[in-house]
Every structure is written in structure tokens, then in C-alpha cells.
Amino acid sequence: MAITLYDFELSGNCYKLRLLMSALKLRYDIVPVDFYPGRQHKADWFLRMNPFGQLPVLKDDDLILSDSGAILAYLARKYDEASLWFPDDPAVTAEILRWHSVADDITATSSAARLALGYGYDFDIAKTQKGAHRIFRLMDEHLWFGEREGRDWLCSPAHPTTADIACFPYVMLSEEGGVGREDYPALRRWTDRVRRIPGFVVMSGIFPAGRAL
Amino acid sequence: MSSIDPVTRDLWQVIAATDEITVGVVEATLLLDTRIALTRDSDGSPVVWLRRDEEQGDEIDPASVLDRLPAITGYGYIWTSLGNPPKELFPIPEYAESDRVNMSCGSIGIHVSAPRAVENFLDMGHFPYVHTDILGAEPHTEVKEYDVEVSEERDEVLATKCKFFQPRAALSAIDGMEVEYVYRVPHPFCAVLYKSSPEAPERRDVIAIFLQPMTEERCRAHLLQSMIDSTSTITDLRRFQQTIFGQDKPILENQFPKRLPLDPRSETPIRADKSAIAYRRWLSQKGITYGVIPVAS
Amino acid sequence: MTLSLTDPTWYPIASSDDLPFRHVYQGQLLGRELAVWRADDGNVNVWENRCLHRGVRLSIGVNEGGELKCQYHGWRYANRSAGCTYIPAHPADAPARRIQNRTYPVREAYGLIWSAANDDQVFQPFPGAEGNDWFPLRPMPVNAAPEDVLAALASLAPDDQPADLLPGLTLHFGDTYYFVQPVDAGRSVIRGLLSAQPDSATLRHCNETLSKLRDRVERAAAKKPAPEPLNPAFEKVSAELSTMPEIAVPRGNTLTVVVKRKWTSADGVIGFELAPRDGHLPTFQPGAHIDLHLPNGLIRQYSITNGPGDLMSYIIGVKQESASKGGSKVLVESVREGDLLSISEPRNNFPLRRDATRTVLIAGGIGITPLLSMARFLDKSSLNYELHYFTRAGDVAFRSELEALNGKVIFHTGLPREQIGSTIASALGEWSLAQHVYVCGPSAMLETVRATAASQGWPEASIHFEYFKNDKVIDNSSAFEVELARSAMTLQIPSGKTILEVMRDNGLTVPSSCEQGACGTCLTTVMEGEVDHQDVYLNDSEKRSNTCMMTCVSRAKSARLVLDI
């Protein structure tokens, strides 16, 4: 097996895969893609791999995959021998896919606000910020009740799943889009827990958590 | 709206990387709370004016723009001024050396004043905590004594003999080593650093940060690398620099107040902050008030 | 109602459950951002959310259990006092004690964390607070003015049971209290307290009710002009901190402490727990000591054994030496639990670097005291260290405290003299970059460690000693002139005589104690001239600053000194 990640360091979506592969102790190669300012994700060679022109792309031998959520599911199903990150159970699968879809909404809001403020993208900043707050409120509520019920993670298993990885980066990077998290204490505690997952790695813009007691 | 002090008004201000501006297409930006439009004309030279109803991405005949702001190209970037700028930009002589790889590394918006970003660029003490395992790593946290002067002749702040232990000082570095830096602040919102090149130890890599003050509390950082590196690709080198800058961003955006306080009693300097202190005094003496909190008179 | 920055009312700012260990909570009250964290001892800290160094939010820092670490430059601030204990850019220096973050009053009660903008009011429970098993509802942030939120809450009350409006943006109906936390002019948090533990259906129901209320209030608020946010000012740091480099801080005032506990820790070692009469004691750094003013007028130095952020009492160990000339002896024999003693603020001549890849701590006998504190700091930060503790046969002082550490603690009990040397040699090993050794114990042991370390390649800068005595040979050959600025006197100091002696000869009463440059009692501010420091009391940066001196041993390099006496 030879895994290659077409990667941009400052992309939270690429980071999701780096994070899971680190937790799974997978070896992989990185091909840096100059997303900004070079816009290489719109270059012909890249569009041949992913006509949607989006990062990340992952190659596993001859298989070419795109979409971070789909690749998370693929990597977990294929390489997680303990079947913890993306369990087989139909109900849990549905739960995880539900949160993968929330993760895409976080990308469309929190990440879009970050691209607008930091990288000159022409998005409606107020609208994307408002959208991010709406999602964070719901996540905070979900996580607060989870803590009462003894659930530390987004989904019901007693361990993190790809849902946590999919939602984490653009929650953690939200301040770059002008979306503070001080109103979401349960969400902030969850980001501490994610940062303490064994094998956790940082990306540029995210700091590690200190040790747990 | 904030008032722009005369010194700031007369400076050259960076607004875009030259090769990111398409001939005849409008780029819109903000400089000193002022809406600016720019493009390049058919010979590639920059055309900059006060933006009216033009939108980002509009096509325009540059010749139709009559009321222009001063514009100049330097170090791969377009510079303009809202006042009467000097004839030339500050010098970075190394940029012209033929065997160097010169590149822009993107323009990144940050929610902090330009002087705060300059001060962070001059700072070594944060390397182990912010650029962990790249520019620094615990336990090597000590900032040794270094020299700082304000050169009257060149009107710039200069810090020399700055040494720091780095696990991976540059893309081409493999092992940790003590790296020597020289920092220059030749412009209130621009700073240049020189560090020994791992590939050619007798020469120095040059990294510069040019800050575009958009408002008093927001800026865009434009990065320049001028490297002695015959093996890395531009994509690799950009990635390295963006990684570093992306690590500074959350720190800068969590700094309060967002404008740089010039009153010495606003914060708590230590010996390692000599260059920052010199920079703050220099700004005070120049009479810069934009993006700073001046000392109450 | 207009919010006031100086409103002294206590408001809830978090639920107790919002503060798990090793987490930093971000809060806000009356426009001021707060970094809130629970130390491992359970204490809750409410601080201004801003590192004094460069203004970075402390809520992005790391809660290390006893200290909070700033994310920008790794500065550490102590639990309770918010005093800075370590500046990694200058690992060999002890930071000025007065670098201290702004703190706010705090009280944990009824499942909530309460704070106030200032200390003007004493915390008082809300009416009916006592006697119930309170449960805090999920906090509900609302983007609306506090008084509008309060009005909306009042409208929740059933018609036949109108809400009972209480001071401090509080109301009550049924079995629930609602507190509105005034975050800012246009932002609030609703904090509800149920008088009994609810089932999960009740919790969900309350949350739903408050969510709907929030949506309603926010819709109304969006139609009104947004109120101007409060604009709290950041306080200036003291003038002495704004200059660079740090200047020596002459000895502060003495504090009165109560002997809370006195016990025999081991044969010949008595432990004393010294507690403040109220509040907490000042920040100290590992390796620091206090001066203890004894009932017979003598002043003696004792190391603090505490760990990071442990400021509710200082614990010292005192050896009852047969040869003691009334110092330790008085303490051991005549001071009892409940007695009041005067101590100085902590000083540190034995600072611990936290930038070592390996730290070796070597203690002999009562020399364990500063090293116990160091080990506790290193332990909390999970830094690599080994503690070697040499004792004579018999019991070991502070054994249970040492056994509670996670690091490598090795007891060497009753070793014959010749074996001590070889044990030290193997404990040290060969030196490599960023290794440091700290030793405290009898002079013979210090000499053995120094000689062994040197022979095994340890550079001088990596070997750290604590002196309780000044063993240096004092060079008193110089002659110079001293001007006493406040006394308007000029004295000639001949060779062979100390400044202190000449001042006494001229009828001045000046405090002194050890008269060998070790205790710090005769510390004097220097206004002009260059000092020839010969003491072991001032640390190197204080000596370099040339702003103070010990008149009992130190002299002048210049022809003339001007002292602030």
C-alpha cells in the first residue's frame, strides 16, 4: 500500500485526514498543493484527479478519492482494525454520517468566514458567521447533554469517531473567521478532549492541549 | 473613522503581489480605511486609484483611469501611497542577487494592527511555544543577549547577534542548530530578517513581512522569501512559510488591545524584548499614531 | 438600566461543571474578559484574560494544575496569586515578584462560580440559598441587553405566581432561581438554579423553554439599535516593571503568619506550617526562601518546600542542631502552634531553570527543603528529573511528600563516606547539553558534587548551589568614601572595616543579622557609584543592576558610593 495525500497545510479539510492517519499510525506521503496563492487546485493536473477542484485528494495505490468526509470513512473502514473510528453498526453509521454532514455545514460557514477574512474570498462574512454560531449553539447543547449522560463525543460510542475529526478543525479555527467560542463552553471542553486523543497532531493555527490530570 | 497621521500617509504601502494582479482586471482592497482599486496596464505596471463603483473582478481599460495614486513595484509587490511618498522604497539589496529564489507567499488577513504583527515578527521568545519543533522547541527557550540600535543614517531599527536554538530553521535544514538572525525594521509596517542559509552558511536567507494596514486593527501580511535553496520547489518553500505564519495568526488575533500600546507601562517587557522596545520608541519618535495607542501626552 | 464598569455586585459567571481540571474557561463580566481555571487543589481562579507580557488571551493558554502557562511565550502564573513564577526566555533568572495578573474576586457556591468587578461588596448568598441541593441549568447565552433578558424571564412566571424580582439581575418563581450574567451591554447569559436534582426530561424541558425565550429576545433585540459595548480600560503595570531590564526589588514588608501546624517530620527535623491570617501568601518560585523573625530577635532563612500554586500556607523544615546558637533552637523549642511570627516575602537566590532536558537534584539532610519544592514544580510540568536524597541512618524528613512524586526519587540512607562520592558520581553521569544539577546540603557535600560534576564534564553554569552561609573569602582591602544621602553624612571607609561597622561607629542604627552577606537584612539601596559585591544574597541580575548592596560585606569599586540611608 502507498498512500499519498494532496495537501495544503492551512486547509482544515486536509488536516482531518492527517489527524486520522496519525491516530491510525498510517504512513503516507504528502504532495503539497499550492492552494493559496497559487490556486493549483484549479490547475488541469489537479482537476483530472478531482473535477470539483477541491482539496483534499487521497491516492491509495491506484484508487483516487476526494471529499474529506468520504476519505475519513474510507481510511477508517480500511485501516482501523479495531473498527472504532467508523463502526459497522448501522445506527452508529447513520449518526456519524449525520455529523459528517454537519461538518460540511461548518465548512460552508466557519471556514468560509475564515477564507473571506484571511484569504480575500468574496463570501458574505456576516451570513457565514451567523451560520457558524447557529451550528455551534446546537453542538454546545448536544455536547452539554452528552456530558450529563456520560457521553464525551459527538456520537454514542464511548470513544471518538470520524465525526469528531470531521467537525473539529473548523470549530477550532473559527476565530480566524471572527467567530468566537466563549458562548460555547461545552464545545470548548470537547475541543480539549479531541486534542487529547492519542496520536493527535496539530496543524498550523491549532495549539495542543496540556496534559490531562 | 480614524485619522491618518502625516508620516503614515506619506509612506509607501504594500497592497498586492504583482503577479496576482491580472492586466485590465480590477482588484479591490482596503488601505488605511480607504477603499482602493488597482490593476496593471498593458506593460504590466501598476495602476492604483481611489475606488468608486468598481467591483472586484470588473474589466477595465487602465488608460481610462486618470486620477491615479502613486504606484511602484518592488520585491514582487505593488505599493501605493495616500500622500507624497519618497522617491524610492527601502532597500533589500539581496533581492537582486541572481541565484536567489524570490517569491511571494500569499497575502493573509489578520485581525490585529500592523505594528503588532511587526513586533511579533521581531520576537524570538515565542519560537518554542508557537512554532514548536520548527523554529524552536522546549527545553531550548533562552533568548540570549543581542544588540539593538536605531540607525539614524538609515532610519531603521536593527537587531543583530540574535541567536536561537532551532530544531528545523529552514526547509533545507535537517538537524537542530543555533541559528543567528539579523532583523531590520526599515519601514514602520515592514520588517526583514536575515538568517544563515543551511545550504550556504556564509550567505543569508532573507524573509520579509510587508504589512498593509487596512484599518487600525486589521492588516494584511504579505510575505517575501529570497532564498538560497537549489533543491526545494516554490510550493515547498511557500508551504513552509505559510505554516509558520499560520501559527502566528491565532496568537496575533488573540492579542489585546489590537493596536500596539506605546506607553511603556502598558505591558511588561523583559530583556528579550529589547528590539520590541526599540521599535515602539522609534514609532513614538516618528509620530506614528495609526495602528498604535500613543503615549498619553 | 445602564451597566456600570464599577458595579460591585456578585454575578455568576460559570457553572462549577464548566471548570473540569486542566481546562481554561473563557468568560466575560461587565465587558471584561476573564480567564477562569480550576487548579488541581480545587481552587478557582478568575483573572483578567490577558497576559501582562504582550496582551495575549490567557484562555488560549494551558492549565498545568498549579500554574497557568501563556501560549505565546510560556510565562507561568501561580494559582491563587496570579504572580509570574517563570519566564522561559530568561530561564536562569527569578522573575520580579511583582509581575502579577489582575485577579477578580471569586466564590464557588450552589453549583455556580461567582465573581464581581471589584472587592467592594462581600459575597452574600441569595435569599433561600441555604439548605437546598442546587442544580445549575445549562447556561443560555443571549445576544440581548441584560435588563431585556430579565424582563423576558419574568414573563415566564405563571400569572398566579408572579416572579419575585431580587437585586443583582435575579428573579425567582416556583422552585427556580434565574440569574442574568451581564456579559456586556448587549450580551447576557441566563443561569438557572433548580432547588433539587432534576431528571433528564426536566432538564430538556427547561433548556427548550430557555432556548425559545432566547430566540424571542434576540429577535426583538435585533430590531433595536445595538447598545454600545462597555469599554473597560486595561490597568497600567507598575513603573518598575515597565523598565527593562528588571531592577532588583529591595526587600518588601514583613508579613504576619500563624503557626498552623508543628510536627516532627523525622529525627531532628521539625516541620512548620505557616499560614496567613486571611487570604493567601505571596507568589514564590521553586528554590525560594523566607526570612523568619525569631522571638529572640534573630533572623534566619528557611526554604519553602511547597509545590506550584500552593499558597495557602508555606511549609518549612527546621533542623534542630546541637550547635545552633539560638536560631533553630528557639524555633524548635519555644514556638508553638497558634503563635504568630513575622516572615519576609519570599526571595529566590536559587532559581530553577525549566529548560533542562534532565535535572538532577541532590539533597543532603535538611538540604532537601528547596529541592522538594523544585521536584514538585518539575513533577507538575512532567519534566524529566531525578532526586537523590542523602541522609544519615534513621527516619527521612518529608518522606510521604517525596513518595507522592511521580519522578525518580532515590533515598540514600546511611551510606559510608566513601560510598557517597561514588553514588554522586553515578547519579550525575556524563554531562550533555541542557542538563542541570541543583545541590543543597552540608558544605562537604556541595564540594563533592562540584568537584565530581566538574571532573565529569559539567560546565560551571550547569551546577547550582544554595548557600545558607557565605563561605567566600571577603576582600576588605579597599578604601573609599560613602555618602549617606538621607542622613546627610559622608563617611570614610578604611581597609579592614565594613561599611556597616563605620556606620555604627558614627552612631547610626542600621539593621543587620548574619553579617556575612547571606541573610539580606542589611540590604541598602545604592544611588550612585559602583558596588563591589561580595555577598551570596543578591542574585547575579540584582548585582548587575548596581541598585542595591549588602553593607556588611560588600564594598565599592568606585572611589565613592551614595547610599539611600
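## Where chain C meets chain B

In this predicted model, 30 residues of chain C are in contact with 27 residues of chain B. Contact here means that the C-beta atoms of two residues, placed from the backbone, lie within 7 Å. On the side of chain C that touches chain B, 17 residues are nonpolar, 8 polar and 5 charged. Nonpolar covers Ala, Val, Leu, Ile, Met, Phe, Trp, Tyr, Cys and Pro; charged covers Asp, Glu, Lys and Arg; the others, Gly among them, are polar.

## Two domains in chain B

Chain B is assigned domain 1 (6-80) and domain 2 (93-293). Such bounds come from an automatic or database domain assignment. The contact takes 15 residues from domain 1 of chain B and 18 from domain 2 of chain B. Over C-alpha atoms, the centres of these two domains are 26 Å apart.

Which elements give two or more residues to the domain 1 side? They are α1 (6-9), β1 (13-17) and β2 (27-31) of chain B. Helices (H or I, at least four residues) and strands (E, at least two) are DSSP runs, numbered from the N terminus. β1(B) gives the most, with 5 residues. By class, this side of domain 1 of chain B has 11 nonpolar, 3 polar and 1 charged residues.

## A record for chain A

An unreviewed UniProt entry lists residues 89-212 of chain A as "domain: GST C-terminal". UniProt annotations may be inferred rather than shown by experiment; positions follow the numbering used here, and feature names are shortened. The span is 61% helix and 0% strand, and its end C-alpha atoms lie 31 Å apart.

## Conventions

Residues are numbered from 1 along each chain as its sequence is written, while chains are lettered from A and ligands numbered from 1 in the order in which they are written. Local features need pLDDT of at least 70, side-chain atom pairs count only at pLDDT 80 or more, and totals for chains, interfaces and linings use all residues.
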